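Me: I am new to this structure. Can you take me through how to read it?

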Amino acid sequence: MHSFRYRDGHLYCEDVDLARVAEELGTPTYVYSAGTILDHYARLDTALHSLDHLICYAVKANSNRAILKLLADAGAGFDIVSGGELYRVLAAGGDPAKCTFAGVGKSREEIEYALVQRVYSFNVESEAELEQIDRIAGVKETRAPIALRVNPDVDPHTHEYISTGSRGNKFGIALDRIAAVYEQAAKMRNVEMVGIQMHIGSQIAEAKPFASAIGKVAPIVRELKSKYGIKFLSIGGGMGIVYRRALESGSGKWWRDHGGESFAFSVRDYADAIVPELCELHLRVLVEPGRFLVGNAGVLLTRVRFIKKSGGKKFAIVDAGMNDLIRPALYHSYHEIVPVCRASAATNASQNSITGTSKRAERIDIVGPVCESGDFFALDREMPELHEGDLLAIMSAGAYGLVMASNYNSRPLPAEALVRGNQLALIRKRQTWEDLVAEEVDPSL
Ligand code: LLP
């Protein structure tokens with residue numbers, strides 16, 4: 001359950017008025033709900049209770065230390081893909097012994113760092129990487145715990161950029177090669193085979209592809225368990241969330257009703273589809289959710305700078321840009337956009353839903369200030385009539401938001417804030433213009 005709701009015409013995150021957040025911290029600002037993240041974590045944890053399991057939060061989705069600390073305190077492990085992510089997890093008080101290190105191109109320094117910190121497992125994506133880890137572990141006179149990432153060749157029916165478990169993409173080792181590569185690993189002196197891993201893609205909207213992938217790898221998992229005594233199977237992340245909602249009037253509920261969940265399918269459906277087969281494998285199960293935990297726990301607050309009419313179209317130019325949230329530009333992904341103050345966004349209009357859909361509703365492009373035509377958040381979107389100065393919330397921005405932000409157009413990165421009950425904490429300061437040049441060095445040519 002997410003915790004963004006209207007009260008007296010204002011959008012609240014838990015018990016904090018988002019208009020107040022914008023007043024205090026300015027815009028654009030990401031705001032996250034601690035309660036929502038913990039609720040999502042607890043639901044998944046409960047749904048998997050019959051398995052020996054570990055939830056390894058995919059740090060790449062949102063790596064702010066405050067979020068990592070929240071999850072570490074709740075008992076989570078972490079799925080990391082770089083030395084930088086491991087550094088963050090440690091800085092947040094996370095346990096390296098609950099970290100799995102994935103990624104197709106780990107550097108020597110990253111492998112050394114992870115070995116020294118004693119991560120739970122390296123998820124190995126190729127034979128070349130396996131040899132490299134064996135070499136480095138040998139030099140360090142240690143044994144590296146490894147799990148090979150298997151590519152089960154399952155179509156997850158998602159955007160092509162975030163589909164990872166089908167033949168022909170760069171991830172994992174093909175199912176028909178996996179036994180041979182484990183045999184190779186068995187001959188290496190400095191690696192210890194502790195598990196097997198897969199991840200078929202992201203924003204997967206149905207439970208079936210997860211079940212199919214597990215069904216496909218189950219025979220090899222059994223074989224590896226009896227041959228080498230592997231201890232875990234990681235089934236990756238990828239559970240989809242609801243980005244597009246049917247809005248209900250008056251009730252304060254505005255998520256499409258999937259049994260009150262903000263997920264594309266219910267946690268129960270997910271568990272029902274995968275737990276029985278996993279139980280029969282009798283080993284530890286790891287899951288690596290990112291978006292599922294944080295996606296619907298965050299919004300990006302932005303203010304309308306100008307209204308512009310041109311070429312028969314109307315634009316709301318807001319102060320956030322594609323550099324702050326790149327998902328619409330990169331994947332044409334849909335994010336719900338709602339006014340923070342309903343009254344101001346649709347004055348005199350009879351509202352019949354949360355978007356303020358009313359007699360005054362209009363179609364408008366919501367675009368950023370960046371010098372690219374791809375810099376948009378919504379095209380031809382039905383919105384209540386917008387005015388200069390209106391505050392908007394771009395919903396479902398908790399995952400792959402700030403982590404993918406850049407300084408393009410020399411725009412400082414936005415601030416981030418965390419809400420817990422009626423408390424608001426700044427968890428990342430807004431960058432300044434000075435910050436933009438701070439790392440640059442005057443050339444002495
Ligand atoms: N495990 C592995 C090995 C992954 O590669 C990923 C995501 C995850 C777990 C977490 O997936 P999630 O549960 O968040 O779907 N930037 C894209 C998403 C890229 C996902 C990359 N890998 C977006 O904004 O949709």
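Reply: Start with one glycine. The model is a predicted one. Helix α4 is followed by glycine 93, and the phi of glycine 93 is positive, near 90°.

Me: Which residues of α4 are buried?

Reply: Take the cut-off: buried means under 20% relative accessible area. In α4 (residues 83-91), the buried residues are Gly83, Glu85, Leu86 and Val89. Seen down the axis of α4, these buried residues fall within an arc of 160°, so they line one face of the helix.

Me: Why can residues spaced along a helix point the same way?

Reply: An α-helix has 3.6 residues a turn, so residues three or four places apart point the same way.

Me: What covers the buried residues of α4?

Reply: The cover includes α3, β6, β7 and α5 (108-117).

Me: How do I place α4 among the strands?

Reply: Follow the chain. β6, α4 and β7 make a β-α-β unit, and the unit is right-handed. Strand β7 covers residues 99-101. β6 and β7 run parallel, joined by 3 bridges.

Me: Which strand pairs with β6 in the parallel sense, besides the one you named?

Reply: Strand β5 (residues 53-58) does, over 3 bridges. Tyrosine 57 has phenylalanine 78 in β6 as its bridge partner.

Me: Are the faces of β6 covered or open?

Reply: Check each side of the strand in turn. Gly77 and Asp79 are on one side of β6 (residues 77-80). Phe78 and Ile80 are on the other. These four residues are all buried, and both faces are covered.

Me: What does an antiparallel sheet look like here?

Reply: 3 strands form an open sheet in the order β1-β2-β3, with antiparallel pairing. β1 (4-7) and β3 (16-17) are the edge strands, each pairing on one side only. Strand β2 (residues 10-13) is joined to β3 by 2 bridges. Tyrosine 12 stands opposite aspartate 17 in β3.

Me: Which residues of helix α7 are buried?

Reply: In α7 (residues 178-186), Ile178, Val181, Tyr182 and Ala185 are buried. Down the axis of α7, the buried residues fall within an arc of 100°, so they line one face of the helix. Their cover includes α6, β9, β10 (173-174), β11 (191-197) and α8 (208-228).

Me: Where is threonine 142?

Reply: Threonine 142 is in the loop between α6 (127-139) and β9 (144-151). With a relative accessible area of 17%, threonine 142 is buried. Next, look for partners along the chain. Asparagine 190 is 48 residues away in the chain, yet the two C-alpha atoms are separated by 6.4 Å. Leaving aside neighbours within four places in sequence, threonine 142 is in contact with Leu115, Arg118, Ala137 and Asn190.

Me: Is histidine 40 buried or exposed?

Reply: Histidine 40 is buried, with a relative accessible area of 0%. Its place is in helix α2 (residues 34-47). A polar atom of its side chain lies 3.1 Å from the backbone oxygen of phenylalanine 292.

Me: Which residues come nearest to the ligand?

Reply: List the residues around it, then look at atom pairs. There are 18 residues around the ligand, and Ser202, Glu288, Arg327, Tyr331 and Tyr400 come nearest. A polar side-chain atom of tyrosine 400 is 2.6 Å from an oxygen atom of the ligand. For arginine 291, a polar backbone atom is 2.8 Å from a ligand oxygen atom. For histidine 199, an N or O atom in the side chain is 3.5 Å from a nitrogen atom of the ligand.

Technical notes
Residues numbered from 1 in each chain as written. Predicted model: local features only at pLDDT ≥ 70, side-chain atom pairs only at ≥ 80, totals over all residues. Heavy atoms only, no water. Buried < 20%, exposed > 50% of the residue type's maximum accessible area, 1.4 Å probe, protein only. Pairing = 2+ DSSP bridges. Right-handed = clockwise from strand over helix to strand, strands pointing away. Arc of directions from axis to C-beta. Contact = heavy atoms within 4.5 Å. Polar contact = N/O pair within 3.5 Å; in protein donor to acceptor, adjacent residues only side chain to side chain. Near = heavy atom within 4 Å.
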